[in-house]
Amino acid sequence: MIFDTTYTDKEVTKSINDLVGKSFGFWDRIKLNGIGSPRMIVLKVTPKLSEYINPGESTNYTNIELRPEGIIVHLKKRTQTYGWVIPFQYLSFNDTLSEISDEAHTIQLNNPSHDSLSFLNKIIKQKQLLSK
């Protein structure tokens, strides 16, 4: 599900929290060694996601926020900010971790760096912990 997160809206915040849980607390963030990914370059997106990025103008970037029950992929189009909320049950990666998908959308990242790969592996571990 994609939400406009440019401005704080209580109903949007409640919907996001219902889907992927409230943001981790201070001590959990320290234990996890952070809950936000480094900035990553977006190579391609599915047609439905293309309306949430700057098409062909410039390099598009994204970052990912880890939540207890899923992730939020943050996208930016000019002055608007969007959050693509993916519960763990619908989240999937390709073998190289350069492609993130849910049932309807896919985003391809440009060769994730070592820091990005370690963060993506952290997401996979959290997903496995939740599924036990």
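A residue counts as buried when its relative accessible area is under 20%, as exposed when that area is over 50%, and as partly exposed in between, using a 1.4 Å probe on protein chains only. Two notes before we start: this is a predicted model, where local features need pLDDT of at least 70, side-chain atom pairs count only at pLDDT 80 or more, and totals for chains, interfaces and linings use all residues. Residues are numbered from 1 along each chain as its sequence is written, and side-chain values use heavy atoms, with hydrogens and water left out.

Select Y52 and Y82. With a relative accessible area of 18%, Y52 is buried, and Y82 is buried too, at 14%.

Now pick helix α1, residues 10-20 (helices are DSSP runs of H or I, at least four residues; strands are runs of E, at least two; both are numbered from the N terminus). Colour V12, I16 and V20: these are the buried residues of α1. They cover an arc of only 40° around the axis, so they sit on the same side of α1 (the arc is that of the directions from the helix axis to the C-beta atoms).

What do the buried residues of α1 pack against? Show β1 (2-4), β3, β4 (70-77) and β5; contact here means heavy atoms within 4.5 Å.
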